Amino acid sequence: MIDFHSTLIEPESLKKIVGPLVGYFHSLRDPNNEPNSYTIIDPDTALPATCCTQVQVAALFALDHLLNDNDSDRVAQLLTEDASLRQNPNGSFSSSYNQPLDAPDLQDIAEIGASANALYYVHQITNNLAAKKALVASAEYILTQVSLENPGAIYKSSQARHVDVLNGDVYAALALSRAYELTGDDRFLDQTRLVINHVQSRFGAWKEGWWPYAESWDGQVAVGASLAYQATIIAFGMPICRTLEPGLRTEWSKVLSTALKTVAGRLAHGPSDDSEAPSWSRDWANVWEIPLAFAQFPYSPYSQNYVRQRLLAVEHGIEVTGIETLRPKALQNDGRTPVTSLYRKAATFAGFLSDILLNTSLKTSTPTAAATR
C-alpha cells in the first residue's frame, strides 16, 4: 500500500469530496454491464464515456481505495480495462464532444495527454496491466503523429495539422514520458526531449511571459494567448521533469515557473481577448488545469493557498448543491454534439484531484525506468 498524505486538504474534507463523486459515478454505470465489466454512460449524450474521462474516473477510484482502504481499486481496474478495450486500434483515444453531428469521433492528442497520469497512477496503485498497455499504445500512436514540419511538434488532430498547437505538444510529451517510466523505451524519451526543447524555445517568442495557443509552421501566431491552455502546459509539463536529464530539467522547470507567474498575474482580471483568445476556455472556474498547474509548485505559499481554496470551494459547493456544483456553463454549437457535460467536467475534476493528491504520494515509490527494462 502506498502511503497517502496531503498538505493541501484535510482527510475529512477530502472524503466529503471523494464520497459524493464516487456515488455519482456509480450511478452512471451502464445497467447492462456484466459483474466483471464497467462502462460509464454520459447522461447528456447517452453515449459511453470517452476513454479519457473514464480512466480519469478510474484514478479517482484508486484514490478512494488509498483514502478508505476499500475495494475501489477493483472498480478502478474494471473501468480501465473497459477503456482499454474501447481504445482505437491505432492507440489513440477519441472524443465525441463538440463534433459535427453524424461525423466520426475525433482522434485528439489531448485525450491521450489528459489520461496519461490517470493510467500511470492506476497501474502504479493496482499493478493493472491494461493501464500500462493502454498508455504504451497511446505513446506508440504519438510517434506516428510527429509533424513533418518540425520534429519537436506533434499533430494534435486531423483538424489541426495546419498549425502547431503547443499545449497538444506537451500533452503528447507527458504521455511519452509516462510510457518511458513504465518501459524504459528510449524512443519515448528521445521524442520527449525533442518536444520539450521545441516548446521551451517558443515561450516568449511572440509575447513576453506567454505561449500562444497555436502557431503556423513558420512561427506566426495562429491563435493568441490562452491562460487556460498555458496552465495546461504547466500542469502537464512539470511531471515530465522526472525523466529529463538535470540540465534540461532545470531549464524547463524555470520556464514553467515563469509561465505560472503570468497566469497568477492575469487571473484576477478575468478572461479577455488578450488573455483567453479561445472563447471555449473562458469559464476559468471550471478549468481544473489552472489549480493543477499551481499544484506543481507546492513550495510556493501562493500556490498552496490557491489550490486549497479551490478544493474547499468544491467541498462547500458539494455540501450545498451536490455534484451540480461542477456543472459547466451551457455551451452549444449548432450542428455539433455538446461541447461538454456535467459528467465530463466531474470526470476531469476527479482526474485532476487524483493527480494533485497522488503526485506527491507516488514520488518516492515509483520504480525507475531502468528497473523496468
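W211, P212, Y213, S226, Y229, Q230 and I233 line the second largest cavity of this predicted model. A cavity is a set of points, on a 1 Å grid over the protein atoms alone, where a 1.4 Å probe fits but cannot get out; lining residues have an atom within 4 Å of a point. The elements giving two or more residues to this lining are β6 (212–216) and α8 (227–237). Helices (H or I, at least four residues) and strands (E, at least two) are DSSP runs, numbered from the N terminus. Helix α8 gives the largest share, three residues.

The whole structure holds two cavities of 30 Å³ or more. A volume here is the space filled by probe spheres set on the points, with grid points joined across faces, edges and corners.

| Cavity | Volume | Lining by class |
|---|---|---|
| Largest | about 60 Å³ | six nonpolar, four polar, one charged |

Ala, Val, Leu, Ile, Met, Phe, Trp, Tyr, Cys and Pro count as nonpolar; Asp, Glu, Lys and Arg count as charged; the others, Gly among them, count as polar.

The lining of the largest cavity consists of Q56, A59, A114, N117, A118, Y121, F236, G351, F352, S354 and D355. Three helices each supply at least two of its residues: α2 (51–68), α4 (109–126) and α12 (342–362).

Residues are numbered from 1 along each chain as its sequence is written. In this predicted model local features need pLDDT of at least 70, side-chain atom pairs count only at pLDDT 80 or more, totals for chains, interfaces and linings use all residues, and side-chain values use heavy atoms, with hydrogens and water left out.

Definitions and conventions: 1 Å grid on protein atoms, 1.4 Å probe; cavity = no way out; pocket = protein on both sides within 12 Å on 5 of 7 lines; lining within 4 Å.
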